[in-house]
Each structure stands twice: as structure tokens, then as C-alpha cells.
Amino acid sequence: MATVPASRERILTVSQVTRQIKEALEGFFPGQWVRGEISGWKKAVTGHYYFCLRDRNAQLDCFLHSKLVAKLKFPPRDGMAVDAYGRVEVWEARGRYQLVVEALRPAGMGERLVALEALRQRLQAEGLFDQSRKRPLPAYPRRIGLVTSPVGAAVRDLVHVLRARWPSIGIVLAPVRVQGEGAAIDIADAIRRFNHYGSVDLLIVGRGGGSLEDLWAFNEEPVVRAIVGSKLPVITGVGHESDVTLADLAADVRGATPSNAAERAVKDWREVAHRVEALRDRLDRQMRQSLQWRRQQLDHLLEKYAFKNLHEVFGVWRRSIADSLARMRGSMRHAIDLRRRRLENAGAAYGLREWPRQLASRREEIARLGERLTDAMQARLDAWATRARGYEDRLRALSPRLVMERGYCLARGPDGRLLRTVEGLAVGDPLQIEFARGDVDARVEAVRTGEDHGQ
């Protein structure tokens, strides 16, 4: 800073004046917090950002390096009141000065952001943001639960995108407050109710864009713990792409926006149909290639072995099978012989070598017993035959016919009964006389009782 007024004769160049201004400003403002409203926020082709901090009476050009932008916890935008920390830098070539920002935070959010960062670190230390606990999303969900405000663009975007990508998708809405006092409790309770309800396949938790204060409910611990404790997979879609909340870190999948969250939740039916069509074409192509390859292999075999027809091919296969069967039978015989020899050796080892001799002796004894039994049976049969012949002779001796051969005859009365006495006979009664050979008819001429004959 010039301390001595320049004389009228002293003339400075523009560069000299600008240099002195540069030295004065940069020396006086090596680092300073400045509060103002962002205006003209824009990104240069280099990736750096330029904007103005302004208040009611003045404005200050500012420069923000792209590396610092990536580390910001909030999305700067026009009209946002912020506190910027940096140093004043003079651009001599343009005669302009600007604040080279080294830190940027929402105005009045310093303590709140510090608390948010402390909460993030604590929850991260508990492992709530670990990738290992992220659950996979169902490939084809049937019903989706929405936790968002019933009014506003977010719910319309969610329903529109879900219906457009998968028309048959079922949607269940849990209307909640998404900003202000009690919003975090509403969101956490809705997530728990969906888990108790259990008829949806996944949840989308989100809202549209807004300021950091508007999105603050999604940075509160109840929402984070409800998402972590959910049995259902959770997709978040909060604000814009640059808005990253603690709920996003805890969710299984983060959507940059509500619409993007809906896109992550369901597949596009057109893409699925196209993929199915492609798979079908691929399958057809592979089948044709496989058939072609097999046909070539068959042609190669026919050409190689000079088969006259397909029967020869089957003949080769049949001979191959017969050879295999012969080898298998040979192996089985060898195995049986081996086991027989092992059994014989075992029998010899345990005194079983006498078994054949004992078996032969038992067979001879059985044969002798059989012969004795046959002889006894034959003798018994002969005795029975002799006895039967005796009975036959006796029966023959008792036969009336044999008695009649000695001169006797049988007389029968008129009624055909055999006569033993003359009682009942009268003169003139017809009689039948039977002899040993032949018979005659006779008639009674006289009756004499046995008493007369005895006298």
C-alpha cells in the first residue's frame, strides 16, 4: 500500500500501479472468510468453476478449483448464501481481482456440517456404509414400495418411469413428509411398515431436489438405521446427482435422481424383449452350427472309413460293442478265477482241503443206504404179493361156481329168490335151476319136506 502521496511529476505505468495494487491486496488478504450469495455459477472448459459472491451493495469475483468442487458436501448453485474462505488474487493483465476460494460452505451451516461429518464418520465406523452389507436387487420385482411425498414431481417421475419401463409393475405408496421437522421419523417408520407389510420386493426412498436444508431429513440417523435394518433392498433417489446424503450411503443402490432410482429398480421391457430375441437367435445359430459340425464329423467318418452306407457305420459300432463285451467277459472270468484261487488257498490255509474226501465218503454212504432201502422195499412188496395170491386162492375156493362144478346147482323160486327150503312151494310152481354151466326152467311136481326125507 502506498503511504506517501505521489508528486504531481511522478508518473507510473499501468503495470506499476497494478503491481502495487496486487501487492497491497494480496498482502492484506492472504486468507479471509467472505459471506455472500452465489451468482453466475458456471463451469469452465478446464473443469474449474467461476462465480460471484454478492450482497446488496457489491460483488466479488471468485474462482474455485475443480478438485475442491469434488470434495464439497453440498451442490453450490445460484442464490445460495455461502461462506467462502480464500485469498485475494489480482490478475494484472485484466486489472481485475478475485477471491481464490479454498473452502466453501453454506452460510450458517458450519456447525451443522461439522455435526453431519461427525455422524457420517461414526456410522461408517459401525460398518453401516460397507459395501459388504449391500444386498442385490431382485432382477424382476413384482411390487415396489415408494417412500416419498404424495405430491410433487418426484412421485410423478417415479410412477411414470416405473410404468413406462415395466407396465405390469405393482406400486404401493407410503406418503410421508420429506422435509422439515419430523420428516426423518416419518420416513423411518414407513420403511419399517413396509418390512412388516412384506408384500413388496424392494423400496425406493427419495424426493426431488432442494437445498441442503430441504434434504436434511435424509442425513438423519433414524433414516440411516431404518434403511440398514430393512430386510427389503432399498434404493434411494434424493435430489440431484450432486446431492449425496447419508441415506444414499446406507442404501443398497443409490439413484442419482428419483427417475434414475426408478430406472435402477426395474428393467426396460423393450431391452428385455430385445435380449430374449437375441438369445433366441444365438441359440438357433449355435444349434445350426452344432448340427453342421456333427454333419461334417459324420461325413468325415464316412469318407475316412469308406463306408458304403450307414449300415456299415452301425456295423462298426456293433463290432466295437461286441469287442467291448468280449473284453468285459474276459475280465469277469479272470476276476472269478482269481477269486476261486484265493478261496482255494484260503481253504488250504484253514484245513478245508479234507472237504472233498469227506464229501465223497458221504456220497458213497448215501448210495449204500439207497441200495438197502431199495432191497427192503422190494422184499416188502414181494411179501405183499405172496399174501395177495393166497387170499385170491382162498376166495376162489369159496366161490359158488367152484362148488357147482362138483355137481351142485342153484334153484330159484317163481319170484327169482334163491331157494334154501321147500317152504312156500306148491305143486305146479315154476322153478329156475342154474348149473355150473347153463340153467333150465322146471316145474314142481311134488313137495317133500325135510322131515319126510329124514324119515
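**Surface patch, cavities and salt bridges**

Met328 sits in helix α10, which spans residues 310–349. Helices (H or I, at least four residues) and strands (E, at least two) are DSSP runs, numbered from the N terminus. The model is predicted: local features need pLDDT of at least 70, side-chain atom pairs count only at pLDDT 80 or more, and totals for chains, interfaces and linings use all residues. Residues are numbered from 1 along each chain as its sequence is written, and side-chain values use heavy atoms, with hydrogens and water left out.

Met328 has a relative accessible area of 45% and is therefore partly exposed. Buried means under 20% relative accessible area, exposed over 50%, and partly exposed in between (1.4 Å probe, protein chains only).

Salt bridges were searched across the whole structure, and 21 were found. The criterion is a side-chain nitrogen of Lys or Arg within 4 Å of a carboxyl oxygen of Asp or Glu. Arg122 pairs with Glu221, with the closest N and O atoms 3.0 Å apart. Arg122 lies in helix α3 (residues 110–125) and Glu221 in helix α6, so the bridge ties together parts 99 residues apart in sequence. Arg122 is partly exposed at 40% relative accessible area. Glu221 is also partly exposed, at 23%. A salt-bridge network links Arg122, Glu126, Glu221 and Arg225.

Glu434 bridges to Arg412, with a closest N to O distance of 3.6 Å. Glu434 belongs to strand β12 (residues 430–434) and Arg412 to strand β11 (residues 410–412), so this pair ties together parts 22 residues apart in sequence. Glu434 is buried at 17% relative accessibility, whereas Arg412 is partly exposed at 26%. A further bridge joins Glu89 and Arg87, with the closest N and O atoms 3.4 Å apart. Glu89 is partly exposed at 27%. Arg87 is partly exposed at 33%.

One cavity of 30 Å³ or more is present. The largest cavity has a volume of about 30 Å³. Its lining consists of Ala139, Tyr140, Pro141, Trp166, Ile169, Val266 and Lys267. Six of the lining residues are nonpolar, none is polar and one is charged. On a 1 Å grid over the protein atoms alone, a cavity is a set of points where a 1.4 Å probe fits but cannot get out; a pocket is an open set with protein on both sides within 12 Å along at least five of seven lines, and lining residues have an atom within 4 Å of a point. Grid points are joined across faces, edges and corners, and a volume is the space filled by probe spheres set on the points.

The second largest pocket has a volume of about 250 Å³. Its lining includes Ala411, Leu419, Ile433, Glu445 and Arg448. By class, nine lining residues are nonpolar, one is polar and two are charged. Ala, Val, Leu, Ile, Met, Phe, Trp, Tyr, Cys and Pro count as nonpolar, Asp, Glu, Lys and Arg as charged, and the others, Gly among them, as polar.
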